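Biologist: I am new to this structure. Please show it to me, and then let me ask about it piece by piece.

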Amino acid sequence: MFETISAFATVGLTAGLTAQLNTEGKWIMIVVMIIGRVGPLTLAYMLARPKPTLLKYPEDNVLTG
């Protein structure tokens, strides 16, 4: 639990257990570190696709002075 939270928060703390993980565990830690680095909000924004809209705003040149 400590290793995973530390990896997600990208703080660099460890209890020395990472070297004892098997290959799958190391890959999970790598993915957790990448997600923590990118950030949950940024990841959610990337995955959320903006809906196309049919709205068009008028444009005009405004003369001042």
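Predicted model: local features only at pLDDT ≥ 70, side-chain atom pairs only at ≥ 80, totals over all residues.

Biologist: Which residues of helix H1 are buried, and where do they sit around the axis?

Modeller: H1 covers residues 2-9, and its buried residues are Glu-3, Ser-6 and Ala-7. Seen down the axis of H1, they fall within an arc of 100°, so they line one face of the helix.

Biologist: Which helix do the buried residues of H1 pack against?

Modeller: Contact here means heavy atoms within 4.5 Å. The partner of these buried residues spans 23-38 and is helix H2.

Biologist: Which residues does Ser-6 contact, leaving aside neighbours within four places in sequence?

Modeller: Sequence neighbours within four places are set aside for Ser-6. What remains in contact with Ser-6 is Val-11, Gly-12 and Leu-13.

Biologist: Which residue just after H1 takes a positive phi?

Modeller: The phi there is about 50°. The residue just after H1 is Thr-10.

Biologist: How do the axes of H1 and H2 cross: parallel or oblique?

Modeller: The two axes come within 6 Å and cross at roughly 40°.

Biologist: What span is expected for H2 at 1.5 Å a residue?

Modeller: H2 has 16 residues. From its first C-alpha to its last, H2 reaches 23 Å. That is close to the expected span of 22 Å.

Biologist: What arc do the buried residues of H2 cover around the axis?

Modeller: The buried residues of H2 are Gly-25, Met-29, Val-32 and Gly-36. They are on the same side of H2, because they cover an arc of only 65°.

Biologist: Which exposed residues lie on the face of H2 turned away from its buried side?

Modeller: The buried residues of H2 pack against H1. The face turned away from that buried side carries Thr-23, Glu-24, Trp-27, Ile-34 and Arg-37.

Biologist: What is the relative accessible area of Trp-27?

Modeller: Trp-27 has its place in helix H2. Exposed means over 50%. Trp-27 is exposed because its relative accessible area is 55%.

Biologist: How many Å separate the C-alpha atoms of Trp-27 and Leu-43?

Modeller: Along the chain, Trp-27 and Leu-43 are 16 residues apart. Their C-alpha atoms are separated by 19 Å.

Biologist: What relative accessible area does Gly-39 have?

Modeller: Gly-39 follows H2, and its phi is positive, near 100°. Gly-39 is found in the loop between H2 and helix H3 (40-47). Gly-39 is buried, with a relative accessible area of 14%.

Technical notes: Residues numbered from 1 in each chain as written. Heavy atoms only, no water. Buried < 20%, exposed > 50% of the residue type's maximum accessible area, 1.4 Å probe, protein only. Helix = DSSP H or I, 4+ residues; strand = E, 2+ residues; numbered from the N terminus. Arc of directions from axis to C-beta. Axes fitted to C-alpha atoms, helices over the stretch in contact; angles between N-to-C directions. Expected span 1.5 Å × (residues − 1).
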